Amino acid sequence: MSSDAATPMEFWYRLPYSQREKYYNWALNLVLSIGLVLILFPIYWMVATSLMSPEGLFSLPNPLVPTDVTLETYRSVLETDVLLWYRNTIFLAAGVVGLTTVAATLGGYGLARLDIPFKKTFARVILFGYMFPPILLSIPMFIFWRQIGIINSLPGVIIAQTATTLPFSLWLMWQFFQTVPYSYEESARVIGCSRFQAFYEIALPLAKPGMIAVAIFSFAIAWGAYTIPTVLLTSNSKWVLTLGLYSFTQQESVLWGQIMAASTMLVLPTFAFVYYLQKYILRGFRATRI
Amino acid sequence: MLSKRWVFVALTVVPALAVFGFVNMFPMLWALAASFFEVGAFQPSWTWAGIENFETVLANSDFWASIRRSVIFAAGSVVLQVTTGTALAILLDRKFSFKRVIRAIALVPYIVPTAVLSFVALWMGNARYGIINQLLVEVGLISEFIAWYGTTDLAMLSVIVTSSWKFTIFVTIIVLARLQSIPASIYEAATVSGASRWDRFKDITLPNLKGVLFIVVLLRGVWMFNKFDIIFILTNGGPINTTTTASIYAYRTAFSDFNLGEAAAVSTLLFVLLVGAAIVYFYFFEPSQEVRVE
């Protein structure tokens, strides 16, 4: 700590409490700042690289702030199928978020209100669903999806990708509905609401933070989906953008500038999303009491 | 009355269970069954093989080596993610200015796709042009550029650190959510009665986090053990197989050797191993109130 007295600890504890708290906070803020720099630097470098000229990229040392900013790389990226892949990514994400949120909300509600034995066991079975390597779920999916004709199609990938989002979401909504008192719905029933009305008008609004948390969780997974689309999407007109990044790696060289530009296009718009929905990310998990 | 309630509840549960059955249970059961057959990749013919696939896999030292690497990868990742993730949550659960912006920054890795992270990491750690090498040489920590993902001694460590950049935030979110539900009055009472910062952390914060840390360690452990995409893009199992974890090994068995039966046997063994480990984990460490059921 900040002292050159003979016994620093003694000196430290002789300081008034408020002053000690202040120094503690400075130290903790410093650690937090270092953490934030470690988080932000890769993102910054991705954007910076995408704005460098091809020559600037490979002339060392790179300045930390690019001097020759150009949009050249973006222009060459836009000449590829990147916008098509972008649209596919949006479609996939929307589908997975919709399917997961609806199924998990309804299912979570049903499980929370259902009086069945072995509930706890069932909760664990859902979590055990994650113990099977996802890459190996994709093999049977590939074979079966081909047989029923939904291979190489985005709706097929939406259904398949839900395998990675639904178990956790279902479990989360189940936990969430347990924090919504059933007595509210019972009161609604007493004054003549139907069962569906009680669910729709009473329980659902109370569960909104949980639903948003599930939507964000499944969005984050679908937006960055890689493994399942790799296996199930065989033609590059159906690719999502994460697969499209590979088109910039060639036999002998890797077009780093283009990859960073396409990545920037994929990542930057989602930041606004995180900024505005952050309280729901935290609130959704808080209510789950895990 | 009771039966009507049953009907409604059943209707709400059906969609989730149908999807869960179709995309989780069905492929899993398919793979469990396939592990007892010889399955051709190109023709859907199954030939009964009994436990032959398992014998082949279990006798293969490459399989055991890949399991060992998965354990190293998962254990290293869990330790790194849980410690830094909990620390970050504690740092964020304080009063400071620009809270909204700072929390949003901390949440950034949550939304960055694994493929993007992998390419950015490969670029930053590039042996000829990487900014990490440039900066480290400049401050004098290393004397020459290092191939972070291409050196046998460093590849595993680099992959663990890279994947933790993204997945630590998962720990932070859950721990932070729990921290926010601890009433401030408890801390105030402890402070008034003379508890030091360390005492408050040890006697209030940690016991309250026990339940979430229990489930976080389990989830992160399982997810990292089965992790595929980030390792696949960063190193593809190399150099010289030093990062060939069990899921990479299974992928190769299926898609390079086209031996689906054996790949299914590998995944069955991984599954049995993880379920066994999870049961032991629940048995020995379960806090009294882990899954709250009404």
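This is a predicted model: local features need pLDDT of at least 70, side-chain atom pairs count only at pLDDT 80 or more; totals for chains, interfaces and linings use all residues.
Local features need pLDDT of at least 70 and side-chain atom pairs count only at pLDDT 80 or more, while totals for chains, interfaces and linings use all residues. Residues are numbered from 1 along each chain as its sequence is written, and chains are lettered from A in the order in which they are written.

Colleague: Where is the kink in helix 7 of chain A centred?
Modeller: Helices are DSSP runs of H or I with at least four residues, numbered from the N terminus, and helix 7 of chain A covers residues 134-147. The bend at a residue is the angle between axes fitted to the seven residues ending there and the seven starting there. The kink comes to about 25 degrees and is centred on A:Met141.

Colleague: How many of the 14 residues of helix 7 of chain A are buried?
Modeller: A residue counts as buried if 20 or more other C-beta atoms, placed from the backbone, lie within 10 Å of its own. The buried residues include A:Pro134, A:Met141 and A:Trp145. Helix 7 of chain A is largely enclosed by the rest of the structure, because the number of its 14 residues that are buried is 10.

Colleague: What share of the contacts in chain B with a separation of 6 or more comes from residues 24 or more positions apart?
Modeller: Two residues are in contact if their C-beta atoms, placed from the backbone, lie within 7 Å. Chain B has 12 helices and two strands, and of its 294 residues 43% count as buried. Residues 24 or more positions apart account for a share of 70%.

Key:
The expected span of a helix is 1.5 Å times one less than its number of residues. A residue is buried if 20 or more other C-beta atoms lie within 10 Å of its own, exposed if 12 or fewer, and partly exposed in between; C-beta atoms are placed from the backbone.
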